[in-house]
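Here are a few notes to go with your first look at this one.

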Amino acid sequence: MATVVITGAGRGIGAELCRQAVAGGDRVVACPRSDDAPELDPDTRRRARVVPLDVADEPSIARAGREIAAQVEAVDLLIHNAGVYPRENASFDRLDPECLVRAFQVNALGPLRVTAALLPLLRRGRKKRVAALTSRMGSIDDNRSGGSYAYRMSKAALNMAVRNLAHELGREGFVVLAIHPGWVRTRMGGGDRAPLALDQAAAEVLRLARHADPALSGAMVGPGAERIPW
């Protein structure tokens with residue numbers, strides 16, 4: 001049995017990751033932004049430990065870190081799923097600095113802060129794996145349309161954080177990945193227009209987070225372990 005911590009557990013991929021991890025026998029710490037987690041089903045709530053965690057709020061991270069440490073002795077896998085997609089910040093002539101800052105706080109700085117808060121528990125884990133859900137939209141090489149400044153820039157920053165952590169924590173045997181789940185049918189992902197079913201995407205994220213070749217540490221990978229260029 002592995003101990004898995006999942007942020008952004010209140011809805012979408014995060015809630016489904018928790019459901020599947022619990023069903024698979026993992027000891028799960030589900031971390032929604034607040035107690036109001038509309039898509040975290042009752043069975044998952046009953047079987048998982050639920051610890052509210054706002055990844056953009058330092059006091060919330062500190063509180064959650066203490067609560068998680070009081071409930072589990074070690075963490076084997078940390079999945080950074082919490083994220084925002086500021087749709088109103090789509091073009092250069094409508095840039096909102098506060099929107100940009102919010103995206104960076106959640107998408108890029110949040111995973112760094114949460115990793116730091118849980119690092120003592122991760123160091124005691126048997127698996128020593130950290131996975132951050134990123135997006136192909138954070139690939140500079142793959143950007144062929146522009147727009148979505150806040151989302152693209154914050155995910156590119158997250159990718160660099162993953163690369164740095166892979167170098168630094170790799171000395172201790174950690175595997176750190178940036179995982180692009182694909183275009184998934186969630187509220188954030190655009191609903192029914194997306195081709196990937198939620199359960200299918202979550203299952204592949206879990207597979208990669210748990211079992212991806214350690215040689216991929218520091219890389220951005222998509223479904224099927226496709227290596228995505230930076």
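1. In this predicted model, start at Ala178: its bridge partner in β7 is Met220. β6 and β7 (residues 220–222) pair in the parallel sense, over two bridges.

2. Now zoom out to the sheet. It is open and built from eight strands, running β3-β2-β1-β4-β5-β6-β7-β8, with mixed pairing. The edges belong to β3 (49–50) and β8 (226–227); each has a single partner strand, so one side of each has no neighbour in the sheet.

3. A helix to look at next is α4, which packs on the sheet and touches β1 (3–7), β4 (77–80) and β5. The direction of α4 makes about 170° with that of β4.

4. How many cavities of 30 Å³ or more does a search of the whole structure find? There is one, and about 50 Å³ of space lies in the largest cavity. Elements giving two or more residues to its lining are α4 (97–123), β5 (129–133), α5 (149–170) and β6 (175–179).

5. Which element gives the largest share of that lining? It is α5, with four residues.

6. Do have a look at the lining itself. Among the residues around the largest cavity are His80, Ala108, Pro111, Leu112, Val130, Ala132, Val176 and Leu177; Leu158, Ala161, Val162 and Leu165 line it too. By type, the lining divides into 11 nonpolar residues, one polar and no charged.

Methods. Residues are numbered from 1 along each chain as its sequence is written. This is a predicted model: local features need pLDDT of at least 70, side-chain atom pairs count only at pLDDT 80 or more; totals for chains, interfaces and linings use all residues. Side-chain values use heavy atoms; hydrogens and water are left out. On a 1 Å grid over the protein atoms alone, a cavity is a set of points where a 1.4 Å probe fits but cannot get out, and a pocket is an open set with protein on both sides within 12 Å along at least five of seven lines; lining residues have an atom within 4 Å of a point. Grid points are joined across faces, edges and corners, and a volume is the space filled by probe spheres set on the points. Ala, Val, Leu, Ile, Met, Phe, Trp, Tyr, Cys and Pro count as nonpolar, Asp, Glu, Lys and Arg as charged, and the others, Gly among them, as polar. Two strands pair if DSSP finds at least two bridges between them. Contact means heavy atoms within 4.5 Å. Axes are lines fitted to C-alpha atoms, for helices over the stretch in contact, and angles run from 0 to 180 degrees between N-to-C directions.
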